[in-house]
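Load the model and keep the selection tool ready. Each stop below names what to pick and what to look for.

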Amino acid sequence: MVKHVILWKLKAEHNTADVKKGIKTGLEGLAGIIPGLVEIKVETETLASSNVDVMLYSVFCDEDALKNYAVHPEHVKVADTYVRPFTETRACFDYID
C-alpha cells in the first residue's frame with residue numbers, strides 16, 4: 001500500500017470553517033470514484049500545537065494508482081475548486097507501507 005499525506009496551511013483570510021468543510025467534503029467525496037484509492041480522510045480540527053490547518057491522509061493500492069489520482073479529472077476539479085485557491089503552503093509525504 002502507498003500512503004499519501006498532505007499538510008496545508010491556509011491563507012489567513014481563508015482560514016474559516018466553510019473553507020475547511022469544502023476541502024474535507026470535496027476530497028473525501030473522491031472515495032469510490034478514483035481507481036486504486038483505498039482510503040481517504042481529511043482532518044481539519046487541530047490542536048493548538050499544530051502549525052498547519054488541514055491534513056489529508058490517503059491510501060492507494062500502489063504507486064501507479066497515486067500517480068493516476070494526481071491527474072484524475074475529478075481530483076483536479078476538487079483541488080482547483082476547494083483546495084488550491086485557499087492554501088498558502090503544501091507539504092507532501094508519500095511512502096510505502
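Start at D62. This residue caps the N-terminal end of helix α2, with a side-chain oxygen 3.2 Å from the backbone nitrogen of D64. Polar contacts here are pairs of N or O atoms within 3.5 Å; within protein, one atom must be able to donate a hydrogen and the other to accept it, and residues adjacent in sequence count only if both atoms are side-chain atoms. Helices (H or I, at least four residues) and strands (E, at least two) are DSSP runs, numbered from the N terminus.

A note on the model before moving on: it is predicted, so local features need pLDDT of at least 70 and side-chain atom pairs count only at pLDDT 80 or more, while totals for chains, interfaces and linings use all residues. Numbering starts from 1 along each chain as its sequence is written, and side-chain values use heavy atoms, with hydrogens and water left out.

**Helix α2**

Select residues 63-71, which form α2. Which of its residues are buried? They are A65, L66 and Y69. Buried means under 20% relative accessible area, exposed means over 50%, and partly exposed lies in between (1.4 Å probe, protein chains only). These residues cover an arc of only 100° around the axis, so they sit on the same side of α2. The arc is taken from the directions from the helix axis to the C-beta atoms.

Now show what covers them. The cover includes β1 (2-10), α1 (17-28), β2 (37-43), β3 (54-60), α3 (73-83) and β4 (87-96).

Pick Y69 and display its contacts (heavy atoms within 4.5 Å). Not counting residues up to four places away in sequence, Y69 touches H4, L27, L30, I34, I40, L56, F60 and H75.

Next, select the largest nonpolar core, which has 20 residues. Such a core is a set of buried Ala, Val, Leu, Ile, Met, Phe, Trp, Tyr and Cys residues joined through side-chain atoms within 4.5 Å. W8, I23, L27, L30, L56, F60 and Y69 touch the most other members. β1, α1, β2, β3, α2 and α3 each supply at least two residues of this core. The largest share, four residues, comes from β1.

**Helix α3 and its partners**

Move to α3. H75, V78, A79 and V83 are buried there. Seen down the axis of α3, the buried residues fall within an arc of 100°, so they line one face of the helix. Turn to the other side of α3: P73 and K77 are exposed. The buried residues of α3 have a cover that includes β1, α1, α2 and β4.

Two packed helices are described by the angle between their axes and the distance between the axes. Axes are lines fitted to C-alpha atoms, for helices over the stretch in contact, and angles run from 0 to 180 degrees between N-to-C directions. α2 and α3 pack at about 55°, with axes 5 Å apart. The two helices are therefore oblique to each other. Angles under 35 degrees count as roughly parallel, over 145 as roughly antiparallel, 65 to 115 as roughly perpendicular and the rest as oblique.

The angle between α1 and α3 is about 175°, and their axes are 9 Å apart. That makes α1 roughly antiparallel to α3. G22, I23, G26 and L27 in α1 meet H75, V78, Y82 and V83 in α3.

Go to K3 in strand β1. Is K3 buried or exposed? K3 is buried, with a relative accessible area of 11%. A polar contact of 3.2 Å joins the side chains of K3 and Y57.

Y57 is partly exposed at 22% relative accessible area. Beyond its neighbours within four places in sequence, Y57 contacts K3, H4, V5, E39, I40, K41 and Y95.

Select L37 in strand β2. L37 counts as buried at 11% relative accessibility. Its C-alpha lies 6.6 Å from that of C61, although L37 and C61 are 24 residues apart in sequence.

Finish at G36, in the loop between α1 and β2. G36 counts as partly exposed, at 25% relative accessibility. The C-alpha atoms of G36 and D62 are separated by 7.3 Å, which brings the tour back to the cap of α2.
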